[in-house]
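Here's a quick briefing to read alongside the model. Have the sequence and the 3D view open as you go.

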Amino acid sequence: MYSPEMERIPCVIMRSGTSKGIYLLSNDLPADPETRDKVILSIFGSPDSRQIDGLGGADPLTSKLAVIGVSSREDADIDYTFGQVEINAPRVDYSSNCGNISAGVGPFAIQQGLVKAVEPVTTVRIYNTNTQKVFVAEVPVKDGKPQAKGGYKMDGAPGTGARIGINMAGTIGAKTGRLLPTGNPMDTLEIKSFGSLSVSMLDAGSPMVFVRAKDLGLEGTESPRQIDGNPRMLELLEEIRTTAAVVMGIAPDQETARTKIRAVPMVAFVSPSQDYASHIDGAAVSADEIDFVSRDMFMGIMHKTYSGTATVCTGCAAVTLGTIVNEAMGRTITDGMVRIGHPGGIIECDMSVRDGKIVKAAYGRTARRIMEGYVYVPREILD
C-alpha cells in the first residue's frame, strides 16, 4: 500500500562503469518536458546538497539519469537520453552524453525486454538523443539475460565483471559538427587573469579542451583532493572551460557556459607517462603501463576516475597529429590501444584509423543491476 498523495514510478538503479545512475522507461515519465524534469528532480532529491529526500548520491558521479525507450529509427534499437541532475539547482542538464551511464543502457534494454537477447553477445544499437548520434554496445548474454559476472577488471570499481564493449566512433562531431571544431589540432586561447594558453579542442564522445599540465604549474598526477581543495585552480580550469565553450560554438557566451551548460566541454590537463599511485586504493600505476597521464574535470570538480565519453575524445586526440594529447603520447598510431592514466588507475581506448578517418573508438566497461522497484513522487507534481 502507498499514500494516494504519492505516485509510484518504476525504476532501476545500476552501477554503470564508474558511475551510478537511475534508469527509467520513457513511457513511465510525463510527456511534458517541464513536468518530466520536476518529476526527475523529485526522484533525485534535488535541489539539496545531500539529496537526502531522493535517490541521488550527493555527488556528480551518482546524480545521473538514463531515460530509455524503443526507437522508431531504422538504424537503432533503442532511444536513450542522458540527464546530469544538478545537486544544488533545480535543473537537469541534457547537453551531453555520459560514457559510463551508456554502458548500462544495453543491459537495461535487454533485461526489460526492449531488445531480444542473443547469446553469447547481443549487439545493441543505441540512438543517443543528446548527441543525435548512434553508438553500439556489445553485451555478454547467458540464459537470455545480460551477464554481470566476468573476469574483466575496470579500475575505479571493485572486483571484476562481464566486459561490455562500447564503440562511439559514430559520435565524432556530434556537438560541433567535426572532430576539430576550429579546424586546428592546437589553438591559443586568451584566458582572463592568466594570459595566452595553448589548448587542443576536440569533439568526440563529449567535447573536450586539453591543456598541458605543466603550463598550469601542475605535475599532472594530482589527486581529486588536491585539485578540488584548490579554489584558485578550480577557478582557472573553469575559466579555460568556459572560454573554450564559446570558441567551440557550444555556448554563446561564458556566462551561459558557466550557469547553463556546465557539463561540456570537459577540460583535461595532460602530461607524459609517469609513475604515481591511485587515489582510491594506493595501487601503483607505472609509467610503462600507460601512454600518458590525464586528469578530467567534470561539473566543476575532478573526475575520480575517467569519463567514458572523455576516454573516447582523449583516444581520438591521441591519434590526431599535432594535438597536446598526441604530443604527450610521443607517437601516433593507426590501430591499437591508447592507455590513459587517470586518478584511479588506467583506462584504454581501442582506436582504428582508416584513410585518415577514425572508424573505431571503443572502450570496455562493466555494469551491475543493483535495485529495481518503485520510486515515489508527490502526486501534486504530476497534477
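**Inside the fold**

L216 touches F194, L197, V211, M233, L236, L237, I240 and F269, leaving aside residues up to four places away in sequence; a contact here means heavy atoms within 4.5 Å. This is a predicted model, where local features need pLDDT of at least 70 and side-chain atom pairs count only at pLDDT 80 or more, while totals for chains, interfaces and linings use all residues. Residues are numbered from 1 along each chain as its sequence is written, and side-chain values use heavy atoms, with hydrogens and water left out.

**Nonpolar cores**
- The largest nonpolar core has 90 residues, and F210, L216 and I240 touch the most other members.
- Such a core is a set of buried Ala, Val, Leu, Ile, Met, Phe, Trp, Tyr and Cys residues joined through side-chain atoms within 4.5 Å.
- Another core, of 17 residues, lies apart from it, and L24, L29, V39 and V377 are among its members.

**Helix α7**
- In helix α7 (residues 308–318), eleven of eleven residues are buried, meaning under 20% relative accessible area (1.4 Å probe, protein chains only).
- Among them are G308, C313 and A318.

**Around N326**
- N326 sits in helix α8 (residues 324–329); helices are DSSP runs of H or I, at least four residues, numbered from the N terminus.
- N326 counts as buried because its relative accessibility is 7%.
- Its neighbours, not counting residues up to four places away in sequence, are A317, A318, T320, L321, R331 and T332.
- The side chains of N326 and T332 are joined by a polar contact of 2.9 Å.
- A polar contact is a pair of N or O atoms within 3.5 Å; within protein, one must be able to donate a hydrogen and the other to accept it, and residues adjacent in sequence count only if both atoms are side-chain atoms.

Definitions and conventions:
Helices (H or I, at least four residues) and strands (E, at least two) are DSSP runs, numbered from the N terminus. Buried means under 20% relative accessible area, exposed over 50%, partly exposed in between (1.4 Å probe, protein chains only).
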